[in-house]
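Me: I'm new to this one. Can you walk me through it, piece by piece?

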Amino acid sequence: MLYYTLKNGETIELKITNKTDEKFNRTTEIEIKLFGGTTSIIQTFNAFEQIDLNKIFEEIEKDYEELENKDTRFFWDCYTN
């Protein structure tokens, strides 16, 4: 597990998993948990791709408000429907 604090103070959790399929193709899966784990984003990379965590963090910070709104709407939909 890797923890990172965004510029707004929110701490996110990253789980990085290396996988190999039946044809021995290697992939790396990064699961990003936001808002205390209520929202997860999964990104998969092939073995030959370079993973830039700074770019991932920048994308999350850029989309943070939209992700927070979706999380809140989903939370309220669960209680009202």
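**Helix and sheet**

Reply: Start with helix α1, residues 53-80. Helix α1 lies across β1, β2, β3 and β4, at about 45 degrees to β3. Helices (H or I, at least four residues) and strands (E, at least two) are DSSP runs, numbered from the N terminus. Axes are lines fitted to C-alpha atoms, for helices over the stretch in contact, and angles run from 0 to 180 degrees between N-to-C directions.

Me: Where does the model come from, and what should I keep in mind?

Reply: This is a predicted model: local features need pLDDT of at least 70, side-chain atom pairs count only at pLDDT 80 or more, and totals for chains, interfaces and linings use all residues. Residues are numbered from 1 along each chain as its sequence is written, and side-chain values use heavy atoms, with hydrogens and water left out.

Me: What order do the strands of the sheet take?

Reply: The order is β1-β2-β3-β4, in an open sheet of four strands with antiparallel pairing. Two strands pair if DSSP finds at least two bridges between them.

Me: Which strands stand at the edges?

Reply: β1 (2-5) and β4 (39-46) do. Each has a single partner strand, so one side of each is left without a neighbour in the sheet. From one strand to the next, the twist averages 25 degrees.

Me: How many bridges do β2 and β3 pair over?

Reply: Eight, between residues 11-20 of β2 and residues 26-34 of β3. I16 has I30 as its bridge partner in β3. K15 stands opposite E31, also in β3.

Me: How many bridges join β3 to β4?

Reply: Eight, and those two strands run antiparallel. For E29, the bridge partner in β4 is T44. E29 and T44 are 15 residues apart in sequence, but 4.4 Å apart in space, C-alpha to C-alpha.

Me: What else does E29 touch?

Reply: Leaving aside neighbours within four places in sequence, E29 is in contact with K15, I16, T17, K19, I42, Q43 and T44. Contact means heavy atoms within 4.5 Å. The side chain of E29 also makes a polar contact with the side chain of K19, at 3.4 Å. A polar contact is a pair of N or O atoms within 3.5 Å; within protein, one must be able to donate a hydrogen and the other to accept it, and residues adjacent in sequence count only if both atoms are side-chain atoms.

Me: Now the turns. Which residue has a positive phi in the β2 and β3 hairpin?

Reply: F24, at about 65 degrees, in a hairpin with five residues between the strands. Most residues other than glycine have a negative phi. In the hairpin of β3 and β4, with four residues between the strands, F35 has a positive phi near 55 degrees.

Me: F24 first: buried or exposed?

Reply: F24 is exposed, with a relative accessible area of 70%. Buried means under 20% relative accessible area, exposed over 50%, partly exposed in between (1.4 Å probe, protein chains only).

Me: And F35, buried or exposed?

Reply: F35 counts as buried, at 15% relative accessibility.

Me: Switching to the core. Which residues touch the most other members?

Reply: In the largest nonpolar core, of 13 residues, they are I12, L14, I30, I32, L34, I56 and I60. β2, β3 and α1 each supply at least two residues of this core. The largest share, five residues, comes from α1. A nonpolar core is a set of buried Ala, Val, Leu, Ile, Met, Phe, Trp, Tyr and Cys residues joined through side-chain atoms within 4.5 Å.

Me: What does I32 touch?

Reply: Not counting residues up to four places away in sequence, I32 touches I12, E13, L14, T39, S40, I41, I56 and I60. T39 is in strand β4. T39 counts as buried, at 15% relative accessibility.

Me: Last topic. How many aromatic pairs are there?

Reply: The structure holds four. One of them is Y4 with F57, stacked, at 3.7 Å centre to centre and 0 degrees between the planes. Y4 lies in strand β1 and F57 in helix α1, so the pair ties together parts that are 53 residues apart in sequence. Rings of Phe, Tyr and Trp (its six-membered ring) pair if their centres lie within 6.5 Å; planes under 30 degrees apart count as stacked, over 60 as edge-to-face and the rest as tilted.
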